[in-house]
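Hello,

Here is the model I promised to pass on. Have a look at it first, and then read my notes on what turned up.

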Amino acid sequence: MLMLALVLVSLAASGTDVGPVAAQRQITGPSWQREQPLAPSLFGVTASSSSGVMPSFRVGSLRFWDSGTRWARLQPRRDTYDWTVLDRLVVGARKADLPATLVFGGTPEWAAPAGPKAPYGDGSRSAPPDDLTVWEQFVSAVATRYHGRIDAYEVWVHANDQRYFSGTTATLVEMTKLAGRAIKAADPQAVVVCPSIDRLWTDEGRSVLREFTELRGYDHCDVAGLKLHQQRAADPPETMIDLLQQIDGALHDAGVHPRLWNTGVTYEYVRDERLDEQRAIDYAARFYLVAIHGSRFNLERTYFYNWGGGGLPITLQTVGSPPTSAALAVEELQRWLTRTRTRGCGQGLAVGLPATVWQCEFTADDGQLLTIRWTHEHTATTALPPDATEVRTLDGTSRPVHAGDSLTVTGTPVLIVQLPRD
């Protein structure tokens, strides 16, 4: 099934009909090619710690959630705000020069006393507030206090999961409208991220996405928030491209083309079994490479869940501990791509490679050409570009290569360095 999905993705990305007959055709063009700068903020993490400590490996942006910053914690009573934790997090992010996104969720008990309890253990509610005026006032208070210091606001978390939001989609759209208005009035430069829609692998999830779109929810924000991830943690990250293409099609059919941010995973995904060390290294790096591949669908940023906590399928770093091998691989990937422009990405026959091989190509400031290759399963032998001079690996080592050499590609991404073009 994975191979079929990947072939269909490649065909669709090239503009080829993906019907039963067309799916058997060979294609020769690239999946996509468009010179564009690679923004460091694409390499985001969800900071799930209230400590104010920042990652000790390179990341490009932060998202605050599971960090002691739910609405119920920030406004425990109608007339009382507690900024202690959020102040600490914002100071840490500013010192680290990292753009920060605050996620809203967890209605205070006083604002929806009869609403269902959210799964947080602090009495907060999954229901919207009984009076939406208090919501708008809360958002305004936050955006006013953190004007110029918090860069973006995600209007609600897990917006179509009844455990986290039990209101209607129409109410969600109204809350988005009020939040967008309040944020822009207080801080016109802040980015408004529409509520994150999850369970997008299911008909229910895509149905909510369509309903939110039809109710003009995306009119009130700058970015669409999506929970974009594999169905299971052990699935190759490349399966996300098939999902992203489905989402793009649904948005296109509705006549909207928002910028997209991947805001993480579902609760069920987090509870999957831990991956072994090598697969964790491979998947962590490829999670971000898939995001780069997804930029052809307007995907601008992706947040790995999470930073700060352990016991997850992939752990990058727990507070007080050194970065894991997976985190160091992500750091090396970013080191490779500093000050580069993305030339394009493709997979298999579309770019003249074996079916299981993926690649993304980049141009460095000095004109060097950089190509990253990996497989979604097994290994494959590929020819190196004729001007290749060096191959680098995620552990920081490298080796020279020469014209005529072949390269064995595995699930661990490698970087091919080529001579600059004249």
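Let me start with K227, which lies in the loop between β7 (223-226) and α7 (239-253). Helices (H or I, at least four residues) and strands (E, at least two) are DSSP runs, numbered from the N terminus. This is a predicted model, where local features need pLDDT of at least 70 and side-chain atom pairs count only at pLDDT 80 or more, while totals for chains, interfaces and linings use all residues. Residues are numbered from 1 along each chain as its sequence is written, and side-chain values use heavy atoms, with hydrogens and water left out.

**Around K227**

K227 is buried (under 20% relative accessible area, with a 1.4 Å probe and protein chains only), yet K227 has no salt bridge. A salt bridge here is a side-chain nitrogen of Lys or Arg within 4 Å of a carboxyl oxygen of Asp or Glu. The nearest side chain of opposite charge is E154, 4.5 Å away; Lys and Arg count as positive, Asp and Glu as negative, and His and the chain ends are not counted. What the side chain of K227 does reach is the backbone oxygen of T263, at 3.0 Å. Leaving out residues up to four places away in sequence, K227 touches several others, including R63, H158, D198, N262 and T263; contact means heavy atoms within 4.5 Å.

**Aromatic rings**

Rings of Phe, Tyr and Trp (its six-membered ring) pair if their centres lie within 6.5 Å; planes under 30 degrees apart count as stacked, over 60 as edge-to-face and the rest as tilted. By this rule there are 17 aromatic pairs. One of them joins Y120 and Y164, a tilted pair at 6.0 Å centre to centre with 55° between the planes. This pair links distant parts of the chain, 44 residues apart: Y120 is in the loop between β4 (100-103) and α4 (132-145), and Y164 in the loop between β5 (152-154) and α5 (169-186). Y120 is buried at a relative accessible area of 18%, and Y164 is buried at 9%.

W261 and Y303 have ring centres 6.2 Å apart and planes at 65°, so they are edge-to-face. They too link distant parts of the chain, with W261 in strand β8 (residues 259-262) and Y303 in strand β9 (residues 299-307). W71, F104, W135, F138, Y153, W156 and F165 form one aromatic cluster.

**A charge over a ring**

The charged end of R70 sits over the ring of Y120, 4.0 Å from its centre; the rule asks for NZ of Lys or CZ of Arg within 6 Å of the ring centre and within 35 degrees of the ring normal.

Best wishes

Definitions and conventions. Buried < 20%, exposed > 50% of the residue type's maximum accessible area, 1.4 Å probe, protein only. Polar contact = N/O pair within 3.5 Å; in protein donor to acceptor, adjacent residues only side chain to side chain.
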